[in-house]
Amino acid sequence: MPTLLAVLAPLCLVQAVEYRSPAGVEYRAQRDTGAIARAESALVADPRNVDRIIALGVAQSGVRQYREAIATFTRGLKVAPNNALLYRWRGHRYLSTRQFDKAMDDLTRGARLDSTIYGNWYHLGVVRFARRDFAGAVAAFTTALPIAPDSAERSGATDWLWMSLSRAGRNADAQALLDRHPDTPPGANAYTQRLRLYRGEVSPDSVLTAADTSDIQVATLSYGIGNWYLVRGDTINARKWFERSVASGGWPAFGFIVSEVELRNR
């Protein structure tokens, strides 16, 4: 007969539920491999250090402990209530946990406090897109793109701006954006692959390759393909790809988040 300790030990290894989908699917955090413990130790030595508070929240986010990260960033805001980076990070994690109104509030406030922080504008654009405010998303990504910190983020901002313009019915502006190539040099990420589709350089069936195995990558690429079909009026193929995005299991991906929204509205 198993001992009580033997029964309870596996339960201690079960990670917390971070998000429960409308269909009742539970998505959990991953196990810490040491980064959180190190960040916590550093913070103990200097508990009011905002940089160390952010480092802990980022470490928690790295293993999908988003609700714990929200609590950490909230702790930081008690120390520094006007710190725009804390609003950027907490807003991002409210987005990850589908708390769109709270994400909107944080990111808007962060952008108001410091308009030079790329992450506030970029994530504000994603929230507006998820809320189907495509004109608002255009405004946010238009602001984000020129201040993107590297090639990967330029590709991401270009991609989301193209999608936002297309969904807002501004097809000529969307094409003009692609023709300007603001994502040059391209970033080596999923958004670069999606932009090649938008520019007609690859077919939709060749965007997702055998090398794309991570749940986040599959969710991201699948949404981009689905949206590409949608703006062309092909709702059947669009839905197929939105469903594939959700089936990936990559629940923190923005593509997964917006695929859920698309499927609820079809």
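This is a predicted model: local features need pLDDT of at least 70, side-chain atom pairs count only at pLDDT 80 or more; totals for chains, interfaces and linings use all residues.
A word on terms before the helix pairs: an axis here is a line fitted to C-alpha atoms, for a helix over the stretch in contact, and angles between axes run from 0 to 180 degrees between N-to-C directions.

I will take the pair near the end of the chain to begin with. H11 packs with helix H12, residues 215-231, at an angle of about 20°, and the two axes are 10 Å apart. Angles under 35 degrees count as roughly parallel, and H11 and H12 are therefore roughly parallel to each other. Their crossing is right-handed. On the H11 side the contact is made by Ala190, Tyr191, Gln193, Arg194, Leu197 and Tyr198. On the H12 side we have Gln217, Thr220, Leu221, Tyr223, Gly224, Ile225 and Trp228. Sorted by class, this contact has eight nonpolar, four polar and one charged residues.

Now the second pair. Helix H8, residues 134-144, and helix H9, residues 151-167, pack at about 150°, with axes 8 Å apart. The cut-off for roughly antiparallel is over 145 degrees, so H8 and H9 are roughly antiparallel to each other. Here the crossing is left-handed. From H8, the residues in the contact are Phe134, Ala137, Val138, Phe141 and Thr142. They meet Ala157, Trp160, Leu161, Ser164, Leu165 and Arg167 of H9. The class count for H8 with H9 is eight nonpolar, two polar and one charged.

H3 is made of 13 residues and spans 18 Å from its first C-alpha to its last, close to the 18 Å expected at 1.5 Å a residue. Which residues of H3 are buried? They are Val50, Ile53, Ile54, Leu56, Gly57, Ala59, Gln60 and Ser61. The partners they pack against are helix H2 (35-45), H4 and H5.

That brings me to the backbone. Most residues other than glycine have a negative phi, and most peptide bonds are trans.

Arg64 sits in the loop between helix H3 (50-62) and helix H4 (66-79). Arg64 is not a glycine, yet its phi is positive, at about 65°. Is Arg64 buried or exposed? Its relative accessibility is 11%, and buried means under 20%, so Arg64 counts as buried.

Further along, Arg98 belongs to the loop between helix H5 (84-96) and helix H6 (100-113). Arg98 has a phi near 65°, again a positive value in a residue other than glycine. With 15% relative accessibility, Arg98 counts as buried.

The bond from Thr184 to Pro185 is cis, and its omega is near -5°. As for where that is, Pro185 lies in the loop between helix H10 (171-180) and helix H11 (190-198). H11 is the helix we saw packing with H12.

Ser21 is in the loop between strand E1 (17-20) and strand E2 (26-28). Its relative accessible area is 9%, so Ser21 is buried. What does Ser21 touch, leaving out residues up to four places away in sequence? The contacts are Tyr27 and Glu260.

To recap the two pairs: H11 and H12 are roughly parallel, whereas H8 and H9 are roughly antiparallel. That is what I have.

Technical notes:
Residues are numbered from 1 along each chain as its sequence is written. Side-chain values use heavy atoms; hydrogens and water are left out. Helices (H or I, at least four residues) and strands (E, at least two) are DSSP runs, numbered from the N terminus. Buried means under 20% relative accessible area, exposed over 50%, partly exposed in between (1.4 Å probe, protein chains only). Angles under 35 degrees count as roughly parallel, over 145 as roughly antiparallel, 65 to 115 as roughly perpendicular and the rest as oblique. A crossing is left-handed if the near helix is turned anticlockwise from the far one by less than a right angle, and right-handed if clockwise. Contact means heavy atoms within 4.5 Å. Ala, Val, Leu, Ile, Met, Phe, Trp, Tyr, Cys and Pro count as nonpolar, Asp, Glu, Lys and Arg as charged, and the others, Gly among them, as polar. The expected span of a helix is 1.5 Å times one less than its number of residues.
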